[in-house]
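Please open the model in your viewer, with side chains ready to be displayed, and follow the stops below in order.

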Amino acid sequence: MAAPLRQFMIIFAHEHFDFRLSEVTSILSLLHIKAEVCQQNHDAKQSPFLMLKFPNEESVHKYMTRSILGRTVMEVLAHGPTRASVCEQLKALPAAETSRYCSEENSFCWRVHSFGKKIKQDKRLDLIHQFMVNLPLKGRVDLENPDDLFYICEDYGPNPNSAPEEPFYVYVGRKVSEGQRYLAHQYSVKTRHFIGNTSMDAQLSLIMANQGGVKPNMFVFDPFVGTGSLLVAAAHFGGYVAGCDINVNTIHGVGKSSRSFGKPRGEVTLRGNDENILANMRQYNLHDRYLDVMVSDFALNVWREQELFDVIVTDPPYGIREKTRKIGTNKHYDELEDQTLEGHIPSTMSYHLADIFKDLLNFSARYLRLHGRLVYWLPVVNAEYSDDHIPQHPCLKVIANSEQKINMTISRRLITMEKYQSMQNINPLDQVEAEIKTRTYEGSNAIRKIYFPNNSGCQSHNKSLPLT
């Protein structure tokens with residue numbers, strides 16, 4: 001008979017609320033951990049506290065080796081809607097349970113973590129004493145390096161301006177493990193050697209790699225690779241990475257440096273010979289995971305059809321800070337002669353967003369291995385969005401959909417899809433129906449027209465927004 005699951009609680013960082021459960025389910029699936037999400041409190045989406053049942057502490061440590069949004073996990077000793085009820089639960093803990101951390105050899109420390117209300121220091125000390133007397137702690141107090149760290153977590157709701165006098169819910173527990181929050185600083189684009197105007201934030205890149213389920217020796221591909229931020233994150237988790245992009249300057253690291261933005265004309269610098277994606281991989285000692293990148297138009301497929309990639313992770317251009325272009329022209333030209341092809345630079349034309357997503361899903365259906373994942377950003381207009389606008393394909397199913405708000409008008413959604421059947425098994429009529437659903441997105445989300453309503457704004461006045 002399997003041992004009963006034990007209660008733990010993740011304390012999340014106060015950001016990216018909509019990504020939390022998606023990260024939890026992706027990591028549990030990736031690491032084959034059998035865990036259960038417990039009941040939620042009054043405001044589960046914004047509260048940083050999420051209770052889960054794990055089989056043991058080892059599985060918690062294993063989970064936290066991948067968690068980007070989780071700060072800490074504690075084993076829940078007691079929880080309830082009032083402090084008095086929590087104190088009663090602590091008193092009732094069996095000696096066999098408390099003996100693990102109540103010996104004379106175990107030093108300890110208490111901390112108070114509140115959400116939605118700032119608690120003054122004298123009140124914190126009162127709370128610590130109120131709860132501590134209910135546990136038979138015998139060791140010495142060590143504020144810097146304790147053997148056991150106990151948390152008192154109180155949830156006052158998401159609005160500090162209308163926080164109640166007493167908390168909605170109280171948790172008391174013992175710290176078990178920490179997440180990988182430091183990775184966002186370690187891979188920060190601020191200290192990265194080679195960046196571009198739209199380099200993906202390190203934290204979001206790592207979240208995307210988790211959503212894709214990247215693990216050692218997987219083949220990870222980014223068809224709109226840019227400066228390779230997503231490749232760095234995938235390589236960190238052990239994936240072999242490759243990508244392509246139509247922008248020859250970005251792939252080869254030539255042209256004006258992105259760090260020259262805002263400088264006087266005389267101080268503008270060009271990229272050096274060592275400013276490229278491979279240099280970033282060497283900066284983080286990940287170059288052994290780097291396969292290659294190439295200049296390629298995603299609209300013109302160059303790959304031999306086969307189920308090749310384990311994960312496709314990408315941030316397609318939306319036409320805001322980077323143009324959506326593909327090779328082609330609306331003009332008529334005579335066919336070029338063979339002797340003029342060498343050195344010829346082809347014309348480019350607009351690559352409509354709906355076509356990008358249709359091509360991306362078709363590409364993923366053909367080149368992902370069975371049960372491989374596609375992770376990509378989908379820009380949407382908030383007032384018009386519904387789940388029906390997510391591009392569909394008969395070989396792919398949506399398993400996660402998380403929102404990042406950009407402003408009151410526009411958001412982008414991180415879509416995770418899994419390939420559950422091969423192209424050979426689908427009905428051609430299903431493919432036609434999927435393309436119709438993709439065109440629904442085209443008709444309802446004119447992102448560039450919303451972003452530049454008068455079509456006269458330059459692309460530099462909203463540099464702070466993370467749109468590509």
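**A tour of the salt bridges**

Begin by selecting Glu75, which is buried at a relative accessible area of 3% (buried means under 20%, exposed over 50% and partly exposed in between, using a 1.4 Å probe and protein chains only). This is a predicted model, in which local features need pLDDT of at least 70 and side-chain atom pairs count only at pLDDT 80 or more, while totals for chains, interfaces and linings use all residues. Residues are numbered from 1 along each chain as its sequence is written, and side-chain values use heavy atoms, with hydrogens and water left out.

Glu75 and Arg6 form a salt bridge whose closest N and O atoms are 3.0 Å apart (a salt bridge is a side-chain nitrogen of Lys or Arg within 4 Å of a carboxyl oxygen of Asp or Glu). Because Glu75 lies in strand 4 (residues 70-80) and Arg6 in strand 1 (residues 6-12), the pair ties together parts that are 69 residues apart in sequence (helices, H or I of at least four residues, and strands, E of at least two, are DSSP runs numbered from the N terminus).

Now move to Glu57 and Arg174, whose side chains meet in a salt bridge at 2.5 Å, N to O. Glu57 belongs to helix 2 (residues 57-64) and Arg174 to strand 7, so this pair ties together parts that are 117 residues apart in sequence. Glu57 counts as buried at 18% relative accessibility, and Arg174 is buried at 8%.
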